[in-house]
Amino acid sequence: MDLDLLSQTLAEIGQPAYRAGQVWRWLAAGAGWQEMTNLPSSLRGELAERLPLSSLTLREEAHARDGTVKALLHTADGRPLEAVMMRYRDGRRSICLSSQSGCPLTCSFCATGTMRFARNLTASEILDQALHFTRRLRRAEEEDSLRRPRGRAPARVAPGTDAAATLTNAVFMGMGEPMMNLDAVLAACERLPDLGIGHRSITISTVGWIPGIERLASQAMPVRLAISLHAAEEDLRSELMPVNDRYPLDQVIEACAAFYAARKRRIFVEYVMLAGVNDRYEQALALARLLGAVRGTAGSTIFKVNLIPYNPTATSAGFAGSNRDSIEAFRSVLADRGIPVTVRLTRGRDIAAACGQLAAAAG
Ligand code: SF4
């Protein structure tokens, strides 16, 4: 929903300003126009005629065996973007949001980086990605309650189903660099708690766009920061991520230290595992040295590393993912040197769930 257009339309038809808040609360609960029962039915009809429920149109949806759903959406001016919902056994429903259509930063291993950059998304277009999945969860819950015999409580939620579930987490790791569109990203984050996603459950991921990291450090909103690092050596990082020439690794690490000093929140480090490129023993040692040199409260490390098994794409420019043994060896080098490290669960591998894969394939 274009929320500015909603307010403007309500004003044009002589409705009080509080109606915008009423409509938003229904939208945030995943409702359609006809379910907004505290609005007069004539108003519901008029709004339905004048305003699309979403600023985005669904073009394609892919469903993985593990319950991951990926949506290819288009803005009103035809710009493609993607959003993904991942389901976890512990009940979490995490969404991966895009902040731009395409991306100007051309990281060599990334499908989005091969697409033409279109534009920044608006706050409403970012929120509409989340609302797409909120509506899907509400519909699933309604279908479940219709199937259930009267009076019987909902069964324990099984993995891969949506009964009695809401969104719980959001990560800005979809298409685009969120720090290049930070006003819209923060405006969207302001409203995500209305959908069930608390600020502490939101992670903004950046390639190391230093002005954005500095600005985020000064915000009151307690969102988390993640850095896409992918190499601990300047030259290799510049090869993989040309943005490193503008914001070199040592300065990015300094900005992270300042962020930690201001916010006292551990920073996630994303490291995609590319076979023969950044997965060697000495590269793990270099990463451990780089991250271990920065210490926070009580001498503990301020970073937590996520090793990401690479999801190859049709546009992978010759990159292949590291095998399981290499990832485990890399992990243990970091763990042995006191760097907290996990290997990310691969989600949606059978539906090209990595950033930009669906849009790059479609376009
Ligand atoms: S990895 Fe992120 S910043 Fe780099 S090209 Fe892809 S979307 Fe852009």
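Predicted model: local features only at pLDDT ≥ 70, side-chain atom pairs only at ≥ 80, totals over all residues.
Of the 12 residues around the ligand, the ones that come nearest are C103, L105, C107, C110 and G113.

From there I would like to turn to the sheet. It is an open sheet of 10 strands with mixed pairing, and if you follow the order across it you read β1-β2-β3-β4-β7-β8-β9-β10-β11-β12. The edges are held by β1 and by β12, residues 341-343, and because each of these has a single partner strand, one side of each is left without a neighbour in the sheet. From one strand to the next, the twist averages 20 degrees.

As a reminder, strands of a sheet pair through backbone hydrogen bonds, and they may do so either parallel or antiparallel. Both arrangements can be picked out here, and I will take one example of each.

For the antiparallel case, consider strand β1, residues 56-63, which is joined by 7 bridges to strand β2, residues 69-75; within this pair, E61 stands opposite A71 in β2. The hairpin that β1 and β2 make has 5 residues between the strands, and in that hairpin G67 takes a positive phi near 95 degrees.

Note on methods: Residues numbered from 1 in each chain as written. Pairing = 2+ DSSP bridges. Helix = DSSP H or I, 4+ residues; strand = E, 2+ residues; numbered from the N terminus. Near = placed C-beta within 6 Å. Axes fitted to C-alpha atoms, helices over the stretch in contact; angles between N-to-C directions.
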